[in-house]
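Thanks for coming. I have one structure for today, so please look at the screen.

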Amino acid sequence: MSKHTSACAVPPSGDGSSHTACHSTATLALAALGIVYGDIGTSPLYTIKECFHGMHALPLNPVNVYGVLSMVFWSLMIVVSLKYVVFILRADNRGEGGIFALLAMLRSGPAGRDVSRLKGMALMGLMGAFGAALLYGDGVITPAISVLSAIEGLNVATAAAEDFVVPLTCLVLIGLFFFQKHGTAAIGKIFGPVMIVWFIILATLGIIEIIAAPRILAALNPMHAVEFFAANGFHGMLALGSVVLCITGGEALYADMGHFGRLPIRVSWYTIVLPGLILNYFGQGALLLEHPELASNPFYGLVPQVMLYPMVVLSTIATIIASQAMISGVYSLTQQAIQLGFTPRMHIVHTSERAVGQIYLPTVNWMLMIACISLVLVFKESSRLAAAYGIAVTATMAITSILYFEVTRLNWNWPLWKGLPLLVLFLAFDGTFLAANLLKIIDGGWFTLSLASLIFISMTTWRDGRKILARHYGMGRVPVDVFLRDMATYQPLRTPGTAVFMSISPEGVPHTLLHHFKHNETLHERIALLSILPSPTPQVPTQERVEITDLGQGFHRIVAHYGFMESPNVPEILDLVTQKGLALDIYGTSFFLGRETLLTTGDSPMPTWRKQLFAFMSRNSWNATSFFGIPPGRVVELGNQVEL
């Protein structure tokens, strides 16, 4: 259960603290508006426009307007309200959500410990990695299409603005990415209030137009969707690829569960977000029934002329908030990928002393900025970007549905009669939306698939390369008892001081220790063998962080555990070790780390081009000294060559 799930429960003490709990839930629900719902909340800017004015525009007639609005309504109800808000949010890994959280649940559950299911777990791991790769594509497209759609509102005000839309979009994006290094703590407080104003205005604009043409409410009847496909056939499938834009951001809703909890996210959705979205979409539909000439941008067609420029400003701010939420999500996703062994070490900057989730990754930030700016310059119009957007969203949703089904079956022991109907229902929507978007590969979907494939190949290459290295060192590993027996026999010279030898494996003697002893033939009086292991949980309680084993003859084994939402920190480990009775002063300790020079001439089955890619990634990974927070002056690096 998420720690916020029962935030409004009345405490048994009856001391009146339920008011405080409910106030906390309301505060979290307000904050969730900006972080969780920024993406889906700005979808009205382009969803209906793409259906009737995009690359595969539908003829503007009542059958099509009612059909599109019916599909939008039922997509929001089934995919977001039912699938994500009711069911998927139940699958939390100690309060955390997201595709990596689902994967970690499977790894840590009974299935992950069952040797007979290794192949099945490997397949789930590949699916999770590809889903994460698609989310990176989503992280690139969201800022580009959202900001571009908002600033395109200037075209409605005056035709003279057309030449300025792309430059202004690029300037906004550049400013957004340059601000990232300062963190979002300062501006995050205004996200919620701004988005409340946004959703209120969405609803108000929609209501005004619905009152003018109340017959649009007939679109609530799902039979209009059936009539739509009967009238449009194959063209209807292409239009479905635009309708899916109304549910973009559903995955972010699940991924951000750990920041707010289940209840605040549900409260925000049902009380503010869902009503605001539906009213605005139906308002746009009513507008098109009365004024079909406004199909080029029905969202801004709802706005009175006098309010057009202020609305462009508010829309831009809302899309910046949506983009900020997605960028922060990519940072978090990368941190999880590093801990789970899918990505090399990267420089992680914690921008807040109080909020653990407030991080900034410079490398990821600048790569995202270059990709977003390039997208805007190449595609130039939000309509051309829409095709690229849909594939990332729908494929990720389908993978989430499958992983969720596996969790219900293997972790929760649900019978098939209980879990299978949900999977069929979810995939009926996810699969149909994905098929519709695959038809648009040539229109822009190729970009998403190409980017996701590159990231997926890189992630799996890093994971497989690390496995090869682990096997290499495992074959030459000397058991600790054998090494200590030899030490007792030969009694080598022991020098004063403490040495920490870091190793990826908590078994045997680290290669760096053997390398050091072979060349120097001396050992420190006290030696700690330190292994930092990833945990399949988001966080590890401080009291469970370290395990210490006295091996004898001044040797100690230290095993530290960090969750996939945490960054390893050696000074913290040494403080915890000292508290447990093994006094280690970081400034009086020497740290021995290994550095490999990788050669591609080995006999491992990995193709040469992947070996070269792995070697390149290894050379450019963030140095271990800085990543683990070790004082540089206390580090000794021992190099060796490894043939892959």
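This is a predicted model: local features need pLDDT of at least 70, side-chain atom pairs count only at pLDDT 80 or more; totals for chains, interfaces and linings use all residues.

Residues are numbered from 1 along each chain as its sequence is written, and side-chain values use heavy atoms, with hydrogens and water left out.

Start with helix α8, residues 165-179; helices here are DSSP runs of H or I of at least four residues, strands are runs of E of at least two, and both are numbered from the N terminus. α8 packs with helix α17, residues 362-379, at an angle of about 175 degrees, and the axes are 10 Å apart. That makes the two helices roughly antiparallel, a term for angles over 145 degrees. Axes are lines fitted to C-alpha atoms over the stretch in contact, and angles run from 0 to 180 degrees between N-to-C directions. On the α8 side, the contact includes V166, T169 and C170, and on the α17 side it includes N365, W366 and L368. Contact means heavy atoms within 4.5 Å.

Next, helix α11, residues 234-243. Seven of its ten residues are buried, meaning under 20% relative accessible area; exposed is over 50%, and partly exposed is in between, with a 1.4 Å probe and protein chains only. The buried residues, among them G236, L238 and A239, pack against α3, α4, α10 and α19.

Now the salt bridges. How many does a search of the whole structure find? Ten, counting a side-chain nitrogen of Lys or Arg within 4 Å of a carboxyl oxygen of Asp or Glu.

One of them joins R409 and E406, with the closest N and O atoms 3.1 Å apart. These two are three residues apart in helix α18, so about one helical turn separates them. R409 is partly exposed at 30%, while E406 is buried at 8%.

A second pairs E566 with R545 at 3.0 Å, N to O. E566 sits in the loop between β6 and α23, and R545 in the loop between β4 and β5, so the bridge ties together parts 21 residues apart in sequence. E566 is buried at 11%, and R545 is buried at 4%.

R595 is in strand β7 and E637 in strand β8, so parts 42 residues apart in sequence are tied together. R595 is partly exposed at 43%, as is E637 at 37%.

Conventions:
Angles under 35 degrees count as roughly parallel, over 145 as roughly antiparallel, 65 to 115 as roughly perpendicular and the rest as oblique.
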